[in-house]
Amino acid sequence: MKNGDFEYSLDVIRYKDTAPSKYIQLSGWCFHHKKEAIDYVVKINGNEVPITQKRIFDRKDLIKFYKDVDLVKDSGYDLKIDVFEPVHEVVLIAKTSSESIVIETIGESKLRKIRDTSLIEYSVDCYERNVDSGLSQMWGWAFAVDKSPLQFEVHDAHGHLVAHTFRKQERTDFMEDWQIQSGFYIVFKSDPDAKYTLVIKNEKESKTVDLNKIKSTNQKSLMGYIKSINGQNVKKAGMYLKRKGFKAFVRRIRRGPQDEKVSYNTYFHLHEPTKEELDRQRKHVFSYQPKISLIVATFNTPLNYLKEMIETVTNQTYANWELCIADGSTNDEVEKYVKDHYAQDDKIRFVRLQENYGISGNMNAAMDKATGDFIALYDHDDTLTLDALYENVRVLNENSNIEFIYSDEDKMDSEGERFFEPHFKPDFNYDLLCSTNYICHFLVVKKSLIDQVGKLRKEFDGAQDFDFVLRLSDACGPEKIHHIPKVLYHWRFHQNSTAANPESKMYAFEAGKKAVQAFYDAKGIHATVEHGASLGIYRTKYILDSHPKVSIIIPNKDHVDDLSRCINSIEAKSTYDNYEYIIVENNSTEQSTFDYYKELESKNSKVKVVTWKNEFNYSAINNFGTKYASGDYYLLLNNDTEVITPEFIEELLGYCMRKDVGAVGARLYYPDDTIQHAGVIVGLQGIAGHAFVGLERDNPGYFARPMTQQDYSAVTAACMMVDKNIYEEVGGLNEQLKVAFNDIDFCLKIREKGYKIVYNPYCELYHYESKSRGEENTFDKVDRFNGEINYFEKRWHDILANGDPYYNPNLTYKKNDFSLTTE
């Protein structure tokens, strides 16, 4: 449809109206003939509502109708809006800076027709058919909202039942209520040419899944497996390879480990201190016994929550504390309760405020009552674990220089009986903190540090703790910050809390953006801050003060199609122009490759082809290429990549030009829009592995980490930018590591010099996965990997033994999805 300069279509409307997931989904396309940027507004029942998830993307299918590529760029939209009340009308509005139009008004009658009230929720995460064994397997999750039991049936094309083996599995990514029956694993004997369906049903309804439309997501390359096994297992793998043959070996790899799973609620109770341990803590006498002042601002706090909040302080195993409460309530209930129960307790310091000064003013009033050496921020409806203060004081006794401590946290239900959604955080991560307040609870800070930077600031109410944490961490520096990798804080999940309903405090997200911008401005950092991929995530865009030359170094052996696609994508999309190509020719055998080089150099003055004449050695080839580079920054780039982001060089440079950053990596996708790289975790699957491999591009993953700018221990050299001087300072890539782990080793050498490694998800490329090297399919290559693994284990023994500081010991090293460890 067309309306003025707008042309648009609403292709998908979905109204899901069954707990626990109620939402409206609107998908389609829209563009403006004057090429003005478009934003979207959604009104429900006459009121503008926040858009929970927004995805804007290219609609390449429109190009055949609209030849102007720029016109349809970013024209696709997919909007999800969580709803908390019956929906009678939905209005979708598109707007530019100068005008707006209503794309569609969906009335009550249409909403009734499309309203999805199905009780069965499900997902088949993977369906894999093994031709050699004649077996098919699938796994996923399913549950009925009314908690009724489900039946699973496999049918052939004629509707006949197919015998199968069924096993239930717990799913730690669901709340405890659903975990018991949510996961399933099914195996059945199959014909390679036949079609099958899965039927999930209860007494009220059924869902039919066409299995032939589900792609497998569990395929592993041999390279990926070799990276995941340690030196001892390499020998076993080699013996298996010799005994069973290569095909059987690959089948074994693809089958992968079947890890046991444990619910978080169970996990928490397994790891909480026993009564005996709590008794020992109460008897323990620390040599240094600082007073900790917990500050709380109460406002019409329900008395049952107030009681729990106070009691988890009074029952702490560490005794030198005080609880400072500033009450800005509109009634006398809180004041009466505290005076009735704690009037004689001089460790509970209470002040009734003359008025409600807002969250910052009220918290500052509580802080004014504090006499402790350390200040701890505490919310009025949350609770602490009984060892929370003990664990903090233990840290202070182990390192007297620490001034800033934070721990892990989780959520609990309104009754305080069930724990879920744990946030297991990394050690101090500067760029993650600039992207989101991941520190949040439980925060304990030295009083003298607060005196230095100032208290909470009213102008950031809603994100006052975020502004506070940014200023504190900057003032004390990372060497005085300590992370306790243990849940010490329970964030109560109830209808009025931000935890349960973040949209209830939308102003807080604007305040968070404002806080990060103010932080940058105060430090003289030239950057702008925008809202990121989801609520509470912020995107930093650095403003380049100069435009240095970038040398793009691309190793290549034949595969002209790959190289051509890579270079064409840069030439067509790049908005940065000060760059050169150093193409390192590596033993190509096809004449068409050399013809392409000749044509490329004759047509593009930025291209320089240099020849590597020795055997394949990824490290040596890239080091060789840098000798011919004239840029101030090197961009190591695989030939089998394709640029998505036009500003990809600027996105990398923005971080790389910082004095504290050594290398920057990108977000890479497989051709099917699943993640190939979103940062590297050292120790994952044995040595090192990519985070979130196989996750859908738009899936936020664990606390939106795939979509968030942050520091990692390493990033892949498939797309990595590094300062020329730092490259030379660390001696380039290690030529002892010919194929595996050279980029990880390189990043760890950079970190060893004190520089950060940054992952920037807003630099996006496709990666078609190392086609130019060939398969790792011989025992000799396995044996070579064994040597590279042994070298890496010896060189980086400490980080492998102690754990990746940008990960968390409560998370598994067996999988890349940040799920709970079972060990």
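Q: In what order do the 4 strands of the open sheet stand?
A: The model is predicted, so local features need pLDDT of at least 70 and side-chain atom pairs count only at pLDDT 80 or more, while totals for chains, interfaces and linings use all residues. Residues are numbered from 1 along each chain as its sequence is written, and side-chain values use heavy atoms, with hydrogens and water left out. Strands (E, at least two residues) and helices (H or I, at least four) are DSSP runs numbered from the N terminus, and two strands pair if DSSP finds at least two bridges between them. The pairing in this open sheet is antiparallel, and the order is E14-E13-E17-E18.

Q: How many of the 7 residues of strand E7 are buried?
A: A residue is buried under 20% relative accessible area, exposed over 50% and partly exposed in between, with a 1.4 Å probe and protein chains only. Strand E7 is joined by 5 bridges to strand E6 (residues 53–57), and the two run antiparallel. Strand E7 (residues 76–82) is largely enclosed by the rest of the structure, because the number of its residues that are buried is 5.

Q: Are helices H15 and H16 roughly parallel or roughly antiparallel to each other?
A: Axes are lines fitted to C-alpha atoms, for helices over the stretch in contact, and angles run from 0 to 180 degrees between N-to-C directions. Helix H15 (residues 464–476) and helix H16 (residues 506–523) pack with their axes 9 Å apart, at an angle of about 25 degrees. Angles under 35 degrees count as roughly parallel, over 145 as roughly antiparallel, 65 to 115 as roughly perpendicular and the rest as oblique. The two helices H15 and H16 are therefore roughly parallel.

Q: How far apart in space are asparagine 816 and glycine 689, C-alpha to C-alpha?
A: Asparagine 816 lies in the segment after helix H24 (797–802), and with a relative accessible area of 16% this residue is buried. Leaving aside neighbours within four places in sequence, asparagine 816 is in contact (heavy atoms within 4.5 Å) with residues including His690 and Phe692. Although asparagine 816 and glycine 689 are 127 residues apart in sequence, their C-alpha to C-alpha separation in space is 7.4 Å.
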